[in-house]
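Hello,

Here is the structure we spoke about, handed over for you to look through. My notes on what was found follow below it.

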Amino acid sequence: MKKSNVIVEQQSLFGAKPTSASTVSAAKPAPPAYKPAPTLNLLAGMDKTALKADGIYWLRILANQYSRGLPAAQAKRNCAKTIQAEIAIKQGTTPIEVVVMDALLRRNCGK
């Protein structure tokens with residue numbers, strides 16, 4: 001679709017000087033820019049403050065990565081374990097550090 005310029009002319013109702021024509025263009029808003037997902041390796045899990053702050057986010061990234069490879073049996077198991085780990089964190093039965101480090105070990109060691 002071609003952008004079109006529209007000329008708008010304003011006239012005064014009370015006898016003031018006429019204003020010049022102004023141009024209004026119809027512009028589309030830019031799509032939002034998403035930042036890429038962080039790289040999740042074992043070194044990322046060593047930072048305890050980032051692990052506590054972004055642990056649930058990291059678990060959801062891992063679950064998303066596993067769900068993309070779902071036909072494989074190992075990917076199904078890992079996705080289910082990741083979702084169960086998030087539930088355990090939200091119920092308060094397991095500390096977030098232990099669960100996220102376990103998920104990172106499972107991701108990077110292949111078990």
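The 19 residues of H2 should span 27 Å at 1.5 Å a residue, and the end C-alpha atoms of H2 are 27 Å apart, so the two values agree. Please keep in mind that this is a predicted model. Confidence is highest in H2, at a mean of 90, and lowest in strand S2 (residues 22-25), at 54. Where pLDDT is low, the predicted coordinates should not be read in detail. Over the protein, the mean pLDDT is 82, and 84% of the residues reach 70 or more.

**Overall layout**

The protein has three helices and two strands. Starting at the N terminus, the order of the elements is β-β-α-α-α. Of the 111 residues, 24% are buried. The accessible surface is about 8,700 Å², and carbon and sulfur atoms account for 60% of that surface. Among contacts with a separation of 6 or more, 49% are between residues 24 or more positions apart.

**What H2 packs against**

The buried residues of H2 are Ala75, Asn78, Cys79, Thr82, Ala85, Glu86, Ala88 and Ile89. These buried residues pack against helix H1 (48-68) and helix H3 (96-109). Threonine 82 is one of them. Is threonine 82 buried or exposed by its relative accessibility? Its value is 1%, and the cut-off for buried is under 20%, so threonine 82 counts as buried. Apart from neighbours within four places in sequence, threonine 82 contacts Leu59, Leu62, Ala63, Tyr66 and Arg106. After H2 comes glycine 92, which has a positive phi near 85°.

H3 has 14 residues and reaches 20 Å from its first C-alpha to its last, close to the 20 Å expected. In H3, the buried residues are Ile96, Val99, Val100, Met101, Ala103, Leu104 and Arg106. H1 and H2 are included in what covers them.

The largest nonpolar core has 18 residues, and those with the most contacts inside it are Leu40, Trp58, Leu59, Leu62, Val100 and Leu104. H1, H2 and H3 each supply at least two residues of this core, and H1 gives the most, with seven residues. Leaving out neighbours within four places in sequence, leucine 104 is in contact with Leu40, Asn41, Leu42, Gly45, Trp58 and Leu62.

**Salt bridges**

How many salt bridges does a search of the whole structure find? The search finds four.

- Arginine 60 and glutamate 86 meet through their side chains at 2.8 Å, N to O. This pair links distant parts of the chain, since arginine 60 is in helix H1 and glutamate 86 is in helix H2, 26 residues apart. Arginine 60 is partly exposed, at 46% relative accessibility, whereas glutamate 86 is buried, at 14%.
- Lysine 90 and glutamate 86 form a salt bridge at 3.3 Å, N to O. Because they are four residues apart in helix H2, about one helical turn separates them. Lysine 90 is exposed, at 55% relative accessibility.
- Arginine 106 and aspartate 102 form a salt bridge, with the closest N and O atoms 3.0 Å apart. These two are four residues apart in helix H3, so they too are separated by about one helical turn. Arginine 106 is buried, at 10% relative accessibility, and aspartate 102 is partly exposed, at 40%.

Salt bridges that share partners join Arg60, Glu86 and Lys90 into one network.

Regards

Conventions. Residues are numbered from 1 along each chain as its sequence is written. This is a predicted model: local features need pLDDT of at least 70, side-chain atom pairs count only at pLDDT 80 or more; totals for chains, interfaces and linings use all residues. Side-chain values use heavy atoms; hydrogens and water are left out. Buried means under 20% relative accessible area, exposed over 50%, partly exposed in between (1.4 Å probe, protein chains only). Contact means heavy atoms within 4.5 Å. Accessible areas come from the Shrake-Rupley method with a 1.4 Å probe; for residues, only the protein chains shown count as cover. The expected span of a helix is 1.5 Å times one less than its number of residues. pLDDT is the predictor's confidence in each residue, from 0 to 100. A nonpolar core is a set of buried Ala, Val, Leu, Ile, Met, Phe, Trp, Tyr and Cys residues joined through side-chain atoms within 4.5 Å.
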